[in-house]
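Subject: Structure handover

Hello,

Here is the structure I promised to pass on. Please open it alongside this email; my notes follow below.

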Amino acid sequence: MYSMRKSTSLPQAGPGARVSVLHGGKPAAQGATAPVADTDERTRDRVLSAVLEHGPVSAAELGDLLGFTPAAVRRHLDHLSRAGVIEVKRVARAGSGAGRPARRYVLSSQGQSTLGDDYLNIASLALKQLREIAGADAVRTFAVERFAEMERRYAPEVEQAGTDITARAQALSAALSRDGFVSSTASIEAKAPLPAALSSVQLCQGHCPIQQLATQFPVFCDAETEMFSRLVGVDVRRLSTLARGGHVCTTHIPTGRPAATGAETPGTRQDTLHEVSNHLQERPL
């Protein structure tokens, strides 16, 4: 079993963060000195952090991001692949017709689960008992209240971004990253003959601290999507989720009109939202 050492800097996984991989799955003995192994471990941590933050990502892109040679990147990618914490995803090359799909790297399900599932069994059992005793609506109420607390914290930052949807999405992304969701945004500009009003932003989350819980209780994904919609001020749509087998959580946010601001309580817009499981549409390439 390939093990990772949890650290307080792990969830944010920024360019300087370390994911702290134990070399060979075992900690070094106290007092031992292994400079080559330590160097490899630190480098591998950086590669794994970059895959977490930017995946699906190619070996060449990782080399450019980290300043490594292609051979060095592939050596560490091969090691991480053998350990089972990353995997290869085949992605069609944009505009290349029927050519061979590109190899891109993402965290595997094993890699995601090692990033922090403490108390998962306890939480899962508690929610199952809550559902048995009080029904599915009680679980939904719990999920809505959980994201309501996040919404209260995020709202002031998003409001400071004004009415521009892209700016609001970027503010939301920054807040999510601080909470360990490894979030990013990418603008998707509509090209002629499509109207500019069809432009959008894709909000991507490379890590979900409650992924396995959300797999058992999809209402957590629903409540999170509703929170996003209220914060940015437009109806949004989920394109993929980690909980449903996607390699990232991707939310489509239309930017063709100003944000509609106003006080709304969590859950009031759930009938206007639609979640689509489409794992082919994830992080834009």
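In which strand is the place of L239? L239 sits in strand β5, residues 237–240. Strands here are DSSP runs of E with at least two residues, helices are DSSP runs of H or I with at least four, and both are numbered from the N terminus.

Two points on the source before the rest. This is a predicted model, in which local features need pLDDT of at least 70 and side-chain atom pairs count only at pLDDT 80 or more, while totals for chains, interfaces and linings use all residues. Residues are numbered from 1 along each chain as its sequence is written, and side-chain values use heavy atoms, with hydrogens and water left out.

**The chain overall**

The protein chain has nine helices and seven strands. Of its 285 residues, 45% are buried. Buried means under 20% relative accessible area, exposed means over 50%, and partly exposed lies in between (1.4 Å probe, protein chains only). Take the contacts in the chain with a separation of 6 or more: 65% of them join residues 24 or more positions apart. Contact means heavy atoms within 4.5 Å.

Is R238 buried or exposed? R238 counts as buried, because its relative accessibility is 0%. R238 and C221 are 17 residues apart along the chain, with 8.9 Å between their C-alpha atoms.

S229 belongs to helix α9. At 0% relative accessibility, S229 counts as buried. S229 lies 8.3 Å from I253, C-alpha to C-alpha, and 24 residues from I253 in sequence.

**Helix α7 and its partners**

Helix α7 covers residues 165–178, and helix α9 covers residues 219–232. Their axes come within 9 Å and cross at roughly 135°. That makes α7 oblique to α9. Axes are lines fitted to C-alpha atoms, for helices over the stretch in contact, and angles run from 0 to 180 degrees between N-to-C directions. Under 35 degrees is roughly parallel, over 145 is roughly antiparallel, 65 to 115 is roughly perpendicular, and the rest is oblique.

The crossing of α7 and α9 is right-handed. A crossing is right-handed if the near helix is turned clockwise from the far one by less than a right angle, and left-handed if anticlockwise. From α7, I165, R168, A169, L172 and L176 meet F228, L231 and V232 of α9. This contact of α7 with α9 has seven nonpolar, no polar and one charged residues. Ala, Val, Leu, Ile, Met, Phe, Trp, Tyr, Cys and Pro count as nonpolar; Asp, Glu, Lys and Arg count as charged; the others, Gly among them, count as polar.

Helix α6 (residues 136–160) packs against α7 at about 140°, with the axes 9 Å apart. That makes α6 oblique to α7. The α6 and α7 crossing is right-handed. M150, Y154, E157, V158 and E159 of α6 meet R168, A171, L172, A175, L176 and R178 of α7. By class, the contact of α6 with α7 splits into seven nonpolar, no polar and four charged residues.

V182 is in the loop between α7 and β3 (183–188). V182 is not a glycine, yet it has a positive phi of about 45°. V182 counts as buried, because its relative accessibility is 2%.

Which residues are buried in helix α2 (residues 59–66)? They are A59, L62, G63 and L66. Seen down the axis of α2, these buried residues fall within an arc of 100°, so they line one face of the helix. The arc is that of the directions from the helix axis to the C-beta atoms.

Helix α3 spans residues 70–83. α2 and α3 pack at about 115°, with their axes 9 Å apart. That makes α2 roughly perpendicular to α3. The crossing of α2 and α3 is right-handed. A59, L62 and G63 in α2 meet V73, R74 and L77 in α3. The contact of α2 with α3 has four nonpolar, one polar and one charged residues.

Best wishes
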